[in-house]
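Have the viewer open and follow along.

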Amino acid sequence: MAFFCVFAESANLPRNMIENSMFEEEPDVVDLTFPALDPDEITYEPRSSRLLVRGLGENDMDEDEEDCESSARLLGMSFMNRSSSHRPSSSPYTRQSPSRSCSRPTARTMVACVLFLVIVASMTMVLYFLPGCTFTKDGCPKRNKTTPLELVYPLATNGELFPWTQLRLPQSVHPLSYELTLTPDLDNMTFAGIAVINMSVLHNTNRIVLHGLNLNISNATFKIGDGPASNVTVLQYKANQQIAVKFTEYLKVGQYCVLTLTYSANLSSTYDGFYSSSYTDKSGTKHILAATQFEPLSARKAFPCFDEPAFKATFLIKINRKQNYTTLSNMPQDEFERTSVNMSTYLVAFVVANFSPISKNVSGTLVSVYSVPEKKEHTEYALEAASKLLEFYNTFFDIDYPLKKLDLVAIPDFLAGAMENWGLITFRETTLLVGKDSSPLEKQVVASVVAHELAHQWFGNLVTMRWWNDLWLNEGFATYMQYLSLQEVFPELQENLFLSVRFRVMDKDALISSHPVSTAVVTPEQVEEMFDSVSYEKGASILLMLNAYLPGEQQFRKGIIQYLKQFSGSNTETNNLWDSLTQVSTPHQNVSEMMSSWTSLKGFPLVSVSRKGDEVTLTQEHFLLTPANASLWEIPVTYVNDSCSVGPECRQNFLLKKHFSFVISGTFKVPESVKWLKLNYQNTGYYIVDYGDDGWTALINALSTNVSILTFEDRASLIHNMFALSRQGRVSFRRVLSLLNYTYKETETAPVTEALLQLNNIYRLLEKRQEFDLMSCMKVHQLFSNNLATITSFLNKENLSKQELRSALLSMACSLEKENCTQSANDMFKQYVSNQTRRIPGDLQQVVFSVAAQSRTDWLILYDMYKQSTVDAEKRNMLLGLASTQDTQLLAKILNEGLKGDVIQTQELPLIINTVSRGFAGYLFAWDFVQVNWDRLIEKFLVGSFAIQSIIKSVTSPFSTQAHLDQVKAFFSSLQERGSQMRSVQEALETIRLNQLWMERNLSTLRELLTKIQSQPQKEEPGVSH
Ligand SMILES: [Zn+2]
């Protein structure tokens, strides 16, 4: 899946809090002892004597022994009694067995032995009756009216016992294939379905448990092999979104069986499951369509299924439709043959609509792009991009795309950026459709989203993570491949995007509320929350770091080809990837050893540099904005120095190893004549660096003399690292300003945009604290003005990078109300209104519309234009303009329209809230709006989803006072199960505290510095001309 537009990030919560509360809230439960022979039982029995078993060699037990042990326990047998007779002698437990050591006793040994036996026996008894969690870090959850030997089964909707308690499904039965027949009724917003599920039995069991939510099952039959089908009762347990069939006789290992379910359901009115959507064409006719979004957990809302990524199967999908509709699914249209590949359920998709395609044959695959008929002319670029990228990936991965066709479909109302369903990729209109005369920036959006989704056809679809804890294997990879492939296929579009997203994810990952790339998740909310920038951008960043560090061009590529080929069609965990990369590395590099800390720990290291003579010492520590327990990494450090600092040949490597938890530093030599060192060449590593006073001074001096002694990535990373260190309180704000002084010579996009973004964050915080004097000082301060002075024109056509720079500078200049900027923008808007065939260049639209929207009259004109426009990228820029008004009545109107979903699709609401929250007039308003409409928001976007994460971040990040902190805390703690335990809430609270701290620390310095500067004569205002 790809994100769209607004940032989507989140924060952390103690895992046990989530689990405990789940347990306490579980409804309708009764206690009983349930006899069990199915090995799945082992995994879900209440935590009883697990620690004892583990301590005495559980690892040596095979499945049968586990069965035996569990049955024994159920029969009330003592573990001690049976272990001596049943355990093989290789078991560590048996080795400790006292009977052997006492074989020829002396009297003294006898006494010792007896004593030892008594001690061992009593300790074992104590351990046996203590719950396993007694010895874990988190201790035992509060619960338990039950004894350790009892199982807790919930009640199904019909009042019978539901035979399964866990959120994860049992492993005894696996699906092999599905046959789905669906009949959607778009007039009544319902659909009927028949699901025929072929399964094989992997362990003897007397139940089949699978997923199903909000499905009205009217009939169910079951048969074993070719035997007769008989009716069965399907039990439903809504809390776990599961259904089950119980049998009086056990199904046997190796048997094949078929479950056929007839059901009906409503089409979903949200953005997941099988949902309905509509659009109105130019003539005013409304068209209804239906589409799916199943990732991560919503396939179960469309058909009964084993809805976990590891339960792969084939699918045969038939959809009955009216004549004027087209149906699309994973396999070719209207044939809908069985999928030729095993697929996870979240990748199944279907669309019922009146779309029309353009197509092209690419190396044996029919590639088509679909849109609503009147936007067909906007599909050409996507077809071209998809074709080129498909060819690139076929070669790069050395595995051909396995299906006969690949459809890319623009859905009028779609929440994510796009979704990689195998053979049927769905997109927002804005991420797929661009006009012929669109700007490079608009094309960049389309090309990168297409590149991301196509990469998933291998990473995610062909090889899938076993469970959502390793979502990064899908998303981190697709994100990395998106940038890598763009660089190869569309080098003119690959600019600063990847660099700036790496900075942003580090900002989030420096919070204590962050989480490791690979994190245990169980509940649906936790799974939803995995879709954040840590899985995506941090995942991509550590892959970049590895690729940049491995010697030789092709080593990384060879490793991933090996991984894809070895695990093709199956499921993997993080270690499988590192093992594949280790296998191909020459000279041998233990990739697992180096990379495991990067996926298992949250956050990243700070590397401090100190020099004495020719010796350089690097010391690492966990970079955290809120102090806490620290972690250590194995860091592939790169560095350059003043004798050679720009070309890739200048790069030198040093592996900063960790040894246990106390050796945290390493040394290497450089000639004493070296004036300065810059670590993390081109910022390909996922760590930040503090050079110490001398090191920073040397770098700042060098930059002030000659900007081009470092690559632009290195310059941007110095700015980013310096701000991060200042936010942590490690360097003074004075030091930050001394580095920024060099930027008046800066001409590259990345360093300028990074400096402006950081300064603007401070400016916006000051605004919300109503420090208007300080703001006006800052506005005329050279840091802003000098950078803005590089603006020369609104109209010059340049390359993508220059366009980005121009767009960033003008946005800043106009938002600071620099008169020559706003005047030019207003003129452009007037010209456009009088003659709409003269389109405003894509990179300038947002600035121009935002300026226009400040006047009430122009806002209304813009709103009408928004309603008429069919060019999606432009429409989005108009919306950004509309939401940036400072007129509170108009803000209320746009927020409410976003919620209503008629004129403005509800998919845009997170973007609107984000824009409104940035302005002074709107930030309190947006916070209020979110509180009042919370229930409607989580109904539309689901608790934990990236849309909700983004909304929380947008409305809370402008706060920096205790009063606001208290308000935010009070609101979210009042929500309880409606979202109080989301990571993003923890992140929000931490961010407000840090904002508050920064203000306390730096406000007086800032006041002093700015007043001093203001009293000095100022340079001229920057020039903006046409
Ligand atoms: Zn993705």
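## The zinc site

In this predicted model, the zinc ion takes its donors from M1 (N), M1 (O), H452 (NE2), H456 (NE2) and E475 (OE), at 2.0 to 2.5 Å. Written along the sequence, the donor residues follow the spacing M-x450-H-x3-H-x18-E. M1 sits in the segment before α1 (15-25) while E475 belongs to helix α11 (residues 471-489), so this pair ties together parts that are 474 residues apart in sequence.

## The open sheet

Next up is an open sheet of 6 strands, ordered β7-β6-β10-β4-β3-β13, with mixed pairing. The edges belong to β7 (230-231) and β13 (314-319); each has a single partner strand, so one side of each is left without a neighbour in the sheet.

Inside the order, β3 (residues 173-185) and β4 (residues 190-201) run antiparallel and are joined by 12 bridges.

## Rings and charges

There are 52 aromatic pairs in the structure. One of them is F733 with W998, edge-to-face at 5.4 Å centre to centre and 90° between the planes. That pair links distant parts of the chain, with F733 in helix α20 (residues 733-740) and W998 in helix α35 (residues 983-1015), 265 residues apart. F733 is buried at 2% relative accessibility, and W998 is buried at 5%.

Charges sit over rings as well: the charged end of R502 is over the ring of F498, 4.7 Å from its centre, and K875 lies over the face of Y866, 4.8 Å from the ring centre.

Definitions and conventions. Residues are numbered from 1 along each chain as its sequence is written. This is a predicted model: local features need pLDDT of at least 70, side-chain atom pairs count only at pLDDT 80 or more; totals for chains, interfaces and linings use all residues. Side-chain values use heavy atoms; hydrogens and water are left out. Two strands pair if DSSP finds at least two bridges between them. Helices (H or I, at least four residues) and strands (E, at least two) are DSSP runs, numbered from the N terminus. Donors are N, O and S atoms within 2.8 Å of the metal (3.2 Å for Na, K and Ca); water is not among the atoms, so sites may look incomplete. Rings of Phe, Tyr and Trp (its six-membered ring) pair if their centres lie within 6.5 Å; planes under 30 degrees apart count as stacked, over 60 as edge-to-face and the rest as tilted. Buried means under 20% relative accessible area, exposed over 50%, partly exposed in between (1.4 Å probe, protein chains only). A charge sits over a ring if NZ of Lys or CZ of Arg is within 6 Å of the ring centre and within 35 degrees of the ring normal.
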